[in-house]
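Look at the sequence and the model first, then read on.

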Amino acid sequence: MNIAEQDPNAAKVARETAGTDKPRRWLGKSLNRVEDPRFLRGQGRYLDDIKLPGMLHAAVVGSPHAHAKIVSIDTSKAEALPGVVRVVTGKDVAEHAAPLPSFGAGPIVQDMIAIEKVRHYGETVAAVIAEDRYIAEDACELIEVVYEPLPVVLDPVAAREDGSAFVHDALGTNTAYERTFTFGEVDQAFEDADRSITADLYWPRSTGMPMDTNGAIGDYDPGSGVVTIHANSMNFTYFLWLIAGSLKIPASKLRLVPVPAGGSFGSKFFMHKVPTFAGFLSMLVGKPVKYVEDRRTHITNNDHCGSDRRYEASLAFDDDGEFKALRISCIDDYGAYLQFGTGTHGNALSQIVGPYRIQHVEYSLAAVLTNKNQQGAYRGFGAEVSNWILERLVDMAARDLDLDRVEIRRRNLIPAGSFPYRTPTGNIYDSGNYQGVLAKVLEEVDYDYWVDYREKARAEGRHVGIGIVASQERSVFSSTEFWFWFDDPQFTPTSSPESASVRIDPTGEIIVTLHSQSMWGNSPETVVSQVVAEEFDVDPASVVVNYADSQNALPGTGPGGSRYTVMVSGAVAGAASELKDKIRRIASDKLEVAEADLEFRDGGVGVVGVPDRHLTLADIALTAYMFRLDLPPDMPSGLAAQSTYDHPLTTLPNADRSDLGIFYPFVGHAWHIAVVEVDAETGSFEFLRYAAVHDAGTIVNPRTLDGQVIGGTVQGLGTAMFEEILYDAEGRVRNASFEHYHLPSSMDVPVMTVGHQETPSPYTAYGIKGAGEGGRMLTPAIMSAAIEDALWRFGVTVTSLPISAEQIVEWASSASDV
Amino acid sequence: MKAAPFAYRAPETLDEALSLLAAGDGACVLAGGQSLVPLLKARVVKPTLVVDVNRVPGIDGIETEANGTLRIGALTRQQTLLDSEAARARQPLLQAAGRFAGYLATRHRGTVGGSLAFAAPWAELTAAVVALDAQLEIRSADGERTVAARAFFTGPYQTVLEPHELLTSVRIPAAAARTGAGFHEVSARYRDFARVAAGATVTLDDAGTCTAAELVLLRVASTPYRVDVSHLVGTSIGESERAAVVESLAGIEPEDDIEVSGAYRKRVAVTLALRALHDAREKASVAA
Amino acid sequence: MSDRLVVRLEVNGMPREGLAEPRRTLADFLRDDLDLTGTHVACENGFCGNCNVLVDGETVRACLMFAVQADGRAVTTVEGLAEPNGTLGRLQQAFHDNHGLQCGFCTPAMLLTAHEYLEAHPDGGTDEQIRDAISGVICRCTGYQHIVDSIRAAAGGAT
């Protein structure tokens, strides 16, 4: 691997923050989160908690049809209702706004209110702005919409056939994108291999389902022409200009204010529709307007469902269990629009071979449009799906060979010492020790004990099963993955930076400003506090962290793809490095020692080995701000630095896309083991043991990392066993509430042990790798494996999710009926 | 998701409540609200008048009559029933079933009478009152009547209750000595609405022979389904009951719904029925 | 719109008063009329429990109770759990020490539910009992494990 490809600034940061013999004082400690107290007191100030003077409230009318022409809308009765300020329809959008942003190709246009036709159940057809939400909802009932129903496109396979209705007539097909990528000599490898297995697999449509729905307050100031939007969206600096485009205003007239979100899990990643909508409504009435999705609207109109994929997948392998080649073909049901293009498959391609030495890969994708909610992001962004596919194939191969499921994996693991490792797609794995993680998880659970336990239980007629699976956890996406799909992309960005401003005020307080998000369940303030504490050796609780609004923001991309901890740490470390240089120069003057003899200690700077020769940051800051004539002549006043940290290691794809370049290189690794017992008569199950071991590089805060692992695991459990968005034959969502969309409760989840191994990345600040999605990448695979193992006597193979209780009973009963 | 406007009265006497209900169409009774309020917010139910009976005195609480019969006021909170020593002592199925009903926070508000009058097909207490041959006392401005629980439910969300009537109490005869209860249920997640449920009581004599048994299933028919288990009387209830239970369900065809098929319900109902009977027998055998 | 009725109640030990249409939920009344936005509404139908508050010391779904029904009652919200100077109460501190929250949205309801549980089980009971007690409050972030740890840690003293 040519290290020269690394971003020079990031390389400097990596060098300066690399581990030394001196133990780190603050990184790696399970410190309490600095974000917590305000949330514990109920003072989190989520979007719906904010009240602006004169604020109005909006509610929406969602389409009762999945596909229909809008013939007419009569708003007169609604407008006559006292308290109603304005009724808004697609006509207003057509007159005053532009379509919503999209990364998808082709003439697929989405508007914030449907204009001529609706393309999915629940799509907004009208909105009411009123004095309060109750009145707005009263008025929504009075709006009379006449629809002309159109043939509904629901089955993505049928949607590709001649004669199907089109979701977007202008596209002339429902297949928005279709391509086969070939990496290596796939056909030859399949031919040469001793064996292969092929499976049809189905991954269901589920969604992140945060407790806090998407919401925004638009606040148009007619005097300045500035539209201020408070929103619980992530990533706002990255796409601000796109929202401005939809509102037809200059980006300089748009100010986004980040607001804490009660969970995202992807559902607020690049969330643009709701903020744009609120801004638009506010511009129409010249007053602040709040719009918060209710739960029903969140489920039927959130644009952020997870993947919905049908696969045919094959693995070629030899009799000794060595994997040779992988062939994957996917029809992905994207729903009615294509806001992120096919980026979720880029994620898959970043770690498509998992931790295994597979040299040849073919990947075919057909992105199909149907009359369902649009797909968005969901924790894992497609990599959780591909990991399920791969681990399913591996379990099937083990069974085919009658080889132990641990052993077949062990034989194929990429050896320690081969990093950075280039995968067939061109993405690299920066570092790793997969054998170490495996050894640790086997030791953690006493695997042999549970194998023995399972055998005894089986002898008693009980259905006990063990699942053991591995996963990669890619982190820190490069924006090349948004366009490398296309031969001739119109827009080819390569930046995905993150920034931080660090200043020390005249009293010595350290204040850090972040530039792309607010808190949403992650721990940005804690991470930053620990990094600052590490650099300056101050009490992390003393560090002040705040968030810039978009008008004051430096370049940033925001959380997503497990990038934020890595990137913000790099940005803060870069700014800290600059500040520390300045502090050293001042201190060197004041203490009359060489800079090389100084160290940061005890909240200030001191002479190495001389305990009483020490200046506090306040001493230095006061000089820096107030005593210009005491500073070196070339040094300006103040103690402030800002740093923009670019993706440390990314390269361009090649022209024919046989090499996608490096786009997701900091790769963690994990193993989970689950032992379950299934009640084959009712289909219910319980956990007897669950253990996870993760390697996310250098750990910033073990306890918050555990929290991410456990939370992600439980979300993956939901996908595996409980959750699915269901449509009826007319394309209506059948479970638009929590009555039938089942989120795991405290009684449905495993009690886990979580272990860690630390293999630092050589490329990132401190060697940190992202770790926000790992848990969810494993649970679907492990539940499939464990349930299948528990039902071994029935010869079951799990090929679709969620694994329902009814399915389990059916398997068990049809076998016993035989 | 806000309810449509409605007029609201919170009468402080039973007569006032009954006269409000008698006054006209479009009134509905609000008790615990755990089932009604979601329907109001979805605007599926749009009453002109909501009669909140929570301040009506005399229709809550659990009393034991001289002959041991339990008299449970309709406004008794579900959690009060679960905490009741009298209920525990007199009729164990009530608590065995009731503990599956929702969560502590919904049981603090949800009422016994509300659960019966709403008659959701998954409501555990409907199975219990049918199994226990409860008598339901109903009042209206015209007078009062008593309806057997076994005649009260007419379909999912349907009962013999007229719009102007109010269910005021439930009378449940005390169990004989050495009676045990069992209740089993499956749901999508812990304490979600039942997909299938079975409740049973078994009474044994000193020799361990069954003298009485009841078995009621939920969600296999349009109302709580009482399975004839009279053949168990005189036996010691062994493990060989599967065939009899299967046979007694032969004629029913449970419906499919969004979550599970009728076939699943029917199959699992047999399992749960046997487990409920088994538990009931075990409890009876250790009862004083 | 129907007539608004006077609602007088005690919230966190203080007498409060407001006007509410009968259809106004207790959750909306607390949040919008009394500015106590620590009570959060997530599913609006009683399934998720994120709006749990204490009424006369017992948890209820504030989204399934109308404000007019709380007339004359004593309500405790999350805002009533900390010391007046903002110092975290023992239970809140236990959540802080054990990472019992991530996004914090369900946290007020979790705290109040745990508060009620610990009143009944001062010794903390078993983990199974704790899990059962909080099973009616959905948390999408934590997987519950650190919440259970927090409640166990808080046991044994005033919350």
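Two residues are in contact if their C-beta atoms, placed from the backbone, lie within 7 Å. Helices (H or I, at least four residues) and strands (E, at least two) are DSSP runs, numbered from the N terminus. This is a predicted model, in which local features need pLDDT of at least 70 and side-chain atom pairs count only at pLDDT 80 or more, while totals for chains, interfaces and linings use all residues. Residues are numbered from 1 along each chain as its sequence is written, and chains are lettered from A and ligands numbered from 1 in the order in which they are written.

**A helix pair in chain A**

In chain A, the axes of helix H15 (residues 524-536) and helix H16 (residues 564-591) come within 10 Å and cross at roughly 35 degrees. Axes are lines fitted to C-alpha atoms, for helices over the stretch in contact, and angles run from 0 to 180 degrees between N-to-C directions. H15(A) brings A:Pro524, A:Val527, A:Val528, A:Val531, A:Val532, A:Glu535 and A:Phe536 to this contact, and they meet residues of H16(A) including A:Tyr564, A:Val568, A:Val572 and A:Lys580. The residues of this contact are eleven nonpolar, two polar and two charged. Here Ala, Val, Leu, Ile, Met, Phe, Trp, Tyr, Cys and Pro count as nonpolar, Asp, Glu, Lys and Arg as charged, and the others, Gly among them, as polar.

**The core**

A residue is buried if 20 or more other C-beta atoms lie within 10 Å of its own, exposed if 12 or fewer, and partly exposed in between. A nonpolar core is a set of buried Ala, Val, Leu, Ile, Met, Phe, Trp, Tyr and Cys residues joined through C-beta atoms within 7 Å. The largest nonpolar core has 408 residues, and among those that touch the most other members are A:Ile129, A:Val532 and A:Val572. H16(A) gives the largest share of this core, 13 residues. Apart from neighbours within four places in sequence, the contacts of A:Ile129 include A:Leu56, A:Val85, A:Arg86 and A:Leu281.

**Helix H2 of chain C**

In H2(C) (residues 90-97), C:Leu91, C:Gln92, C:Gln93, C:Ala94 and C:Phe95 are buried. Their cover includes H2 of chain A, as well as helix H3 (107-120) and helix H5 (145-154) of chain C. H2(C) and H3(C) have axes 10 Å apart and pack at an angle of about 120 degrees. That makes H2(C) oblique to H3(C), since angles under 35 degrees count as roughly parallel, over 145 as roughly antiparallel, 65 to 115 as roughly perpendicular and the rest as oblique. In this pair, C:Leu91, C:Gln92 and C:Phe95 meet C:Thr107, C:Leu111, C:Ala114, C:His115 and C:Leu118.

C:Thr77 sits in the loop between strand E5 (74-76) and H2 of chain C. C:Thr77 is buried, with 25 other C-beta atoms within 10 Å. Leaving out residues up to four places away in sequence, C:Thr77 touches A:Gly42 in chain A, and also residues of chain C including C:Val11 and C:Leu30.

**Contacts between chains**

The contact of chains A and C takes 42 residues from chain A and 43 residues from chain C. Between chains B and C, 23 residues of chain B are in contact with 21 residues of chain C.
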